[in-house]
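Here is a structure to walk through step by step. Keep the sequence and the 3D view open as you read.

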Amino acid sequence: IFDEVYYGQYISFYMKRIFFLDGSGPPFGHMLLALGGYLGGFDGNFLWNRIGAEYSSNVPVWSLRLLPALTGALLVPMAYQILLELGFSHCAATGAALLILIENALITQARLMLLESVLIFFNLLAVLSYLKFANSQKQRPFSLRWWFWLTLTGMACSCAVGVKYVGVFTYLLVLAVAGVHAWHLIGDRTLSHVRVLCHLLARAAALLVVPALMYLLFFYVHLTLVCRSGPHDQIMSSAFQASLEGGLARITQGQPLEVAYGSQVTLKNVFGKPVPCWLHSHQSTYPMIYENGRGSSHQQQVTCYPFKDVNNWWIVKDPGRHPLVVSNPPRPVRHGDIVQLVHGMTTRFLNTHDVAAPLSPHSQEVSCYVDYNISMPSQNLWRLDIVNRESDTEVWKTILSEVRLVHVNTSAVLKLSGAHLPDWGFRQLEVVGEKLSRGYHESMVWNVEEHRYGKSQEQKERELELHSPAQMDVSRNLSFMARFLELQWRMLTVKSDDSEHKYSSSPLDWVTLDTSIAYWLHPRTSAQIHLLGNIVIWASAGLATAVYALLFFWYLLRRRRCIRDLPEGCWLRWVLAGALCAGGWAVNYLPFFLMEKTLFLYHYLPALTFQILLLPVVLQHVADHLCRSPLLRSVFGSLVVAWYSCACHVFNTLRPLTYGDRSLSPGELRALRWKDTWDILIRKY
Amino acid sequence: VTLLSFATRFHRLDEPPHICWDETHFGKMGSYYINRTFFFDVHPPLGKMLIGLAGYLSGYDGTFLFQKPGDKYEHHNYMGMRGFCAFLGSLLVPFAYLTVLELSRSLPAALLSAALLTFDTGCLTLSQYILLDPILMFFIMAAMLSMVKYNSCADRPFSAPWWFWLSLTGINLAGALGVKFVGLFIILQVGWNTISDLWHLFGDLSLSVVTVGKHLTARVLCLIVLPLTLYTATYAVHFMVLNKSGPGDGFFSSAFQARLSGNNLHNASIPEHLAYGSVITVKNLRMAIGYLHSHRHLYPEGIGARQQQVTTYLHKDYNNLWIIKKHNTNADPLDPSFPVEFVRHGDIIRLEHKETSRNLHSHYHEAPLTRKHYQVTGYGINGTGDSNDFWRIEVVNRKFGNRIKVLRSRIRLIHLVTGCVLGSSGKVLPKWGWEQLEVTCTPYLKETLNSIWNVEDHINPKLPNISLDVLHPTFPEILLESHMVMIRGNNGLKPKDNEFTSKPWHWPINYQGLRFSGINDTDFRVYLLGNPVVWWLNLLSIVLYVLLGSIIAIAVQRGAHLPAEVEGLSQVLLQGGGQLLLGWMLHYFPFFLMGRILYFHHYFPAMLFSSMLTGILWDTVLQLCAWSLASPFLARGMYAAGLLSLLLGTAYSFYLFHPLAYGMVGPLAQDPRSPMAGLRWLESWDF
C-alpha cells in the first residue's frame, strides 16, 4: 500500500544486510520497521515494486505493521497524560484522548507500515516526559523520578530525530522551553551557585549529550547491520565502498597502498555528479569541427565513463625515465611531484592545451596527445596536488588520497564538467582543464580506486595485464566516525527528484484539508484506503488555534496595563499549554513552506496532533473563564457534546475509506466526495 | 574621519577606464533611464534611477552600450556615476562613526569603527564603481543612524527633533527598500525596535492609553505610511520616465505594453474581431506567465509522449505565433475566394503553430511537472492531426455566438476529448524545456487566471485595421504586476550544478573574493576582498561579544552587584551592542534560507554592522581591563596602547592590501616578483 513499497525495500535490505542510502531520513525509523520484520521471521525476499501487489506468504505483514499500530494506539493515552500534566482537568484530558481516537488520518497512517505514527509517538513522548520532569522539579529535584523523566526526554527527542529529520523541530521546541525554564532557574536567588550549576549541567547532559550519543548509536547499529555492498555503493567514496563486504572491497582487497611510478591506476572523480565515473579515453578522436562551427584539436578523446572498463586504466609515469614498470624497490609518488599519465590501452599521454573544450568553451580541451606533426607540441606534464594531505611530502595513496592534477604549462586543473558529450563522444561525460581555479570544488578532485604495480614492459603483455583482474596485498579500515560523517553528509546532500507526485500537495492545502491521498484500491472491487482527515476536527482545531492566539494577545496587552483577568497560576498554565501545543503545531507546520521537496498530506500529521491537543485547552478555558453564568456554561457544555457527536458521525461516515474493509457503490463514493479536490477513485464499469 | 573617508574613496576613482563587473548591468540601466526605454530588472527602480540621474546631471548622454565587462569607456563620461556612488559610499564612514558614538557615548569606540570601515578594502572597492550596493548601504546606514538618534530623543516625545529623526528613519527605509529587496532586513530591525519601544510605553502606567495611541499613530504615519508613499512614488516616477518600448516589454501584460510608445500595442491598430485564418499570439492573463509558445524540440524520453513541447515564454518571439483554423477543414481560410468568417464563442477550433505547422494537442498523459494535469504538446504534420487537436473556445462571462474581441475578451480553451482546460502552471521546466514555463491541460474546472488567456497580436490581411483604445491599466495594477514579475525573476536566479557558488558561510571568514576586472598578469586587476585583518577581527569580536554578553547577562540574572562603572559599560554592551548584533544577524542569516544564487558582496551590509559592533566591543573590553588595574596611570596607558595598536594595525593592513582595491598590474600573487607576494594568506584568494 502506497509508501509501504518505499519502506519495504529498505526492510528487505536490512534483512539481507545490504548497504543502502536513503536521503529521506536517518536510519532509526527503518530499523524499527525492520525489527518487526525480524521478529516475524521475514527473509527479505519480496519485490516491492508495485502498489496494490498482493503480499506473498513469506512477508509477515502483521508483525511488520504491528509497531506503527502500537505507537499509534499509544497516542491516545499519551494525549490524556499530557493534558493532565499541563494542569487541566480529567474532563479536558479525556476530551483530548477521544479526539485523537476518532481522527481518521491518524488511524489510517498508524495501520500501515509507515513512520509518521512512530514519529508522532516520540514527539508526544518527548513533550510528556518533559512535563513530568518539570512537575517533579517543583517537588523533588535530583530524585530518581526526576532523572528518569529528564533522560527520557532526551532519548525521546533523539528517537524522534532518528525517525525523521522533521523531529528536530519538536526537539528544538523542547529545548527552547527547557531553556526558558533554566533561565528562570538562574534567576532564582534562593538556590546556591553550585546547585544552579548542577541543574544546568544535568540538563545539558540529558538534553544535548544523550541525544547526540543516541543519534550516533543509531548509525553505529545501522552500519553494523548493513555491511554488504549493494546497489547504492556508487554514491559513496571509494574508501567507504572498500569498507563494505563484497563489491569494491573484494577487488581492492590487498591492493598496494602507495602509488609509485609505473603504477596502473583507475581514477574516480570525487564529486560524482551527475553520475560517479572514472577518467577514460578511447581510440576515437574529437571531431574536427563541432556542430556550432568551432574547431577542435582532433586529438584522442578523454572523457569520464560511468562504467568499469579496461579503457579506464592509466599508468603513472616519471617524465624523466622511460620504463612503464615499477622499479624495485618502488619509488612512491609524492605531493608536488610532476608526473605524466599514460593511457594504458593506447599508450598516449594525457594532455591539455589552449583549445576550447567541446561543451564548455571557457575551459581547455583535455585529450590524449596524437602527434600530427603540426606546430602543436605536447603539453603532458601534470603536477600532483594532494588535497587532503597532512604533510607536504605525503605519498599518493590508493583510495585515501584525494588529488588534483594541475597542468604545468597552463596551471589548468583536470575537472569533470558534468555535461554529456553528443553522439560522437558516446554520451560520456566531458572532462576539461579548468583555467580559473576558483577555489576548491569536488569536481576537480580525483582518487585512485583500483591500483596495481605494472610489471610488463611490452605493450601486448601490458594489455593482457590490464584485462586481468587486479589483486593485491594490504587491507584498510575506515573509522566509524569517518564513515558516519560521510554517510550523514551524503544522506543530506543526495538529491531526490523534486518532480511533483500525483498526490503531492502544498502546505496551504493542509489546514483546510483540500487534498487527499489514495493509498490503495482493491484490485477488483472499489474498496479503497484514503488518507483523509476527520474534517470536523481539522476545522475546529484550526479555529481553536486562532481563538487561542486572539485570547493570548488580548490577555497579554491587558496584563501589560496591569489588568489581570486570570490568576497567576492559571495564566502560567495557559501560556505553557500554548507554548507546547500551539508552538508544537507552528514548528511542525511552518517550516514546510521553506522546503523545496515534494510534500504530502501526511507531513501535516505531527502538526495536527499538537493542534488537536490545543482544542480541549481552549474549550475548557472558554467554559471556565468566559462563560460566567451556570446557564451559559451548561449551554456551552451541550454544544460541545453536540459538536463531538458530529465529529463521531463524520468518523463513522469516512470509516470505509479509512479501513478499506467495505466496497462502496459509485453513488456512495460520489456522496463522500465532499470536496472537489478529494481524489476518490470511482471505477468505471 | 569624513575627509579621510572621502580621500580613500575618491583616490584613483577613474581607474580602470573600462567596465568592471556588474557595471555592465547597472550602467546600462542608468542609460535606459536617460534614453527613457523600458526595461526589466529584478531589483526595485530607485537605485538605478539615482545612477541614471547622476549620469544625466554629469553630462553623460546615455549612448554608451555597456555591453560586457572590459569594454573601454573612451570619451563617454562615466565619472559622474562613479563619483555619485563613491560619494554615498564615503558617507558610510561618518554614519558609522555617529551611530557608534550615539550608542556607546565613547569617542574611541566610534573612531575604531570608522577606522575599520575606512581601511576595509572590500567596502572601498564596492564604493568605487557603478553598483547598487553603495546606494543600498547608504540607505541602510542612514536608517540605522536616524533610528538611533530618534531613540535618544525618546525623553522628549513629539518635539521637533523627535519628529525629524522619526520621519527621516521612514524616508531612509523607503530608500533602502527602493534599491534592493534586501532593504527589508533593516525594516525588520526598525520594526523590532519600534515594537519593543511601544511595548515599554504601553507598560508605563503613567501614560494614558490615549497618549500611547498617539505614539502608535505617529509611528504608523512615519514608519509605515510615509515609506510606502515614497516607495510607491519611486515607481510612479519609474513608469513616468520610461515611456518608450524596450527590452523589458514581454514580461508585462498586453494592457501594460500599450502604454509604451514604440510597442506594437501602443496606439494599436489591428483587426478587432478574431476570424479564421488569423495569425495571433495568445497571452496568459496571470502576471508574468507569458505567451503560449512552441518550438522544434520534443519532450524528452520518459516525460509523457515524445511530441513537440508547448510552453509559455515571456519574450516576444516568432515562435509565439499561432494560426486559428476550423477543426474540420484544412483549407486555407485566407484564400480570397472564401468569405471572412469570424470565430464565435463556443466554436470548435484548431490552433496551428505557425513555424512548425503542428497543432495544439492534449491527451491522457501526465504533464511534466504538475502530475495531476494532462500534457499539452504540438502534434500532427502540416496541420493534419487527430481529434485530440480540437479545442472549444469560450469567452468568460459571455453568451454563445458572440464574436471574440482581440485584447479585451478573456478566453478559455477547453479540450474537446478530455474536457480539460488549457492553462499554465507557472512552474519552470528543467533544462530540456529551456527553463520556460510549463503548459498543462487541467481537468479541474476551477476558474483561475492561470487558465484564462487573451489574444494580443492579431494579423489578418482580409480584415480592416481599426484603432483600438486599449483599457489603460490603473497605477496600482501596474505596481502589483511589476512586483509579481520581479519576484518571479528573483526566484528564477538559481545556481546550476557543477558550478562554483559562493556559500553564506564563506563570507564572514573572507574565504573568497570576487574578480571585478582582469584575470591575467597583464590586465589591470581589481579584486573585491575584505581586508582580512579587519574581517577576522570582526569575526573574533562577534564570538567574544556573545561570550562576554552572556556572562554579564547571567551575572545580572543571578543578582550580582556590579560596580557603577561596570554597570554602565555592560549597559552599553548589552543594549547598544545588542542592536548591532541584531542588525548583523538580520542582514546575514536570512541568506542561508535563500534558494537563489548568492554572491560575496551580499555580505557587506552585515559587515557594516559587525564592524560597528567590533568598535563597541573592544572599547568596552579595554575599559574593563583598564578598570581592573590598580594604578590609574597604568590603566590609562594600557587603554591608550590597546586602542592605538588596533588603529595602527588596521591602517598598516590597509597599506598592505590596498592594491586589491586600487588595482594592480603585473605578475599574479603566486609569483615572488609580485608586490602581493606573500599576501595570499588563503589559497582560495586568486589575485
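Start where the two chains meet. In this predicted model, 36 residues of chain B are in contact with 43 residues of chain A. How much area do the two chains bury between them? The figure is about 3100 Å². Carbon and sulfur atoms account for 52% of that area. The size of an interface is often given in this way, as the accessible area lost when the parts come together.

Next, follow chain B on its own. Chain B has 687 residues, and 56% of them count as buried. The C-alpha trace of chain B spans about 110 × 75 × 50 Å along its principal axes. Its secondary structure comes to 17 helices and 16 strands. Contacts in chain B also reach along the sequence. Take those between residues at least 6 apart in sequence: 75% of them join residues at least 24 apart.

How is chain B divided? Domain 1 takes in residues 1-236 together with 503-679. Domain 2 covers residues 269-467. The C-alpha centres of these two domains of chain B lie 51 Å apart.

Now turn to an annotation. An unreviewed UniProt entry carries "domain: MIR" for three stretches of chain B: residues 271-327, 340-396 and 401-458. Two of these stretches can be described here. Residues 271-327 of chain B are 0% helix and 46% strand. The end C-alpha atoms of that stretch are 22 Å apart. Residues 340-396 of chain B are 0% helix and 44% strand. There, the end C-alpha atoms lie 24 Å apart.

Finally, look inside. The largest nonpolar core has 150 residues. Which residues have the most contacts inside this core? They are I82(A), L83(A), L86(A), F122(A), L487(A), I517(A) and Y519(A). Helix α6 of chain A, residues 116-139, gives the most to this core, with 14 residues. Pick out F122(A) and see what surrounds it. Leaving aside residues up to four places away in sequence, F122(A) touches F28(A), L32(A), A156(A), C159(A), A160(A) and V163(A). Another core lies apart from the largest one. This other core has 119 residues, among them M137(B), L223(B), L242(B) and Y545(B).

Methods
Residues are numbered from 1 along each chain as its sequence is written. Chains are lettered from A and ligands numbered from 1 in the order in which they are written. This is a predicted model: local features need pLDDT of at least 70, side-chain atom pairs count only at pLDDT 80 or more; totals for chains, interfaces and linings use all residues. Side-chain values use heavy atoms; hydrogens and water are left out. UniProt positions are given in the numbering used here, feature names are shortened, and annotations may be inferred rather than shown by experiment. Helices (H or I, at least four residues) and strands (E, at least two) are DSSP runs, numbered from the N terminus. A nonpolar core is a set of buried Ala, Val, Leu, Ile, Met, Phe, Trp, Tyr and Cys residues joined through side-chain atoms within 4.5 Å. Buried means under 20% relative accessible area, exposed over 50%, partly exposed in between (1.4 Å probe, protein chains only). Contact means heavy atoms within 4.5 Å. Domain bounds come from an automatic or database domain assignment. Buried area is the accessible area (1.4 Å probe) that two parts lose on being put together, summed over both.
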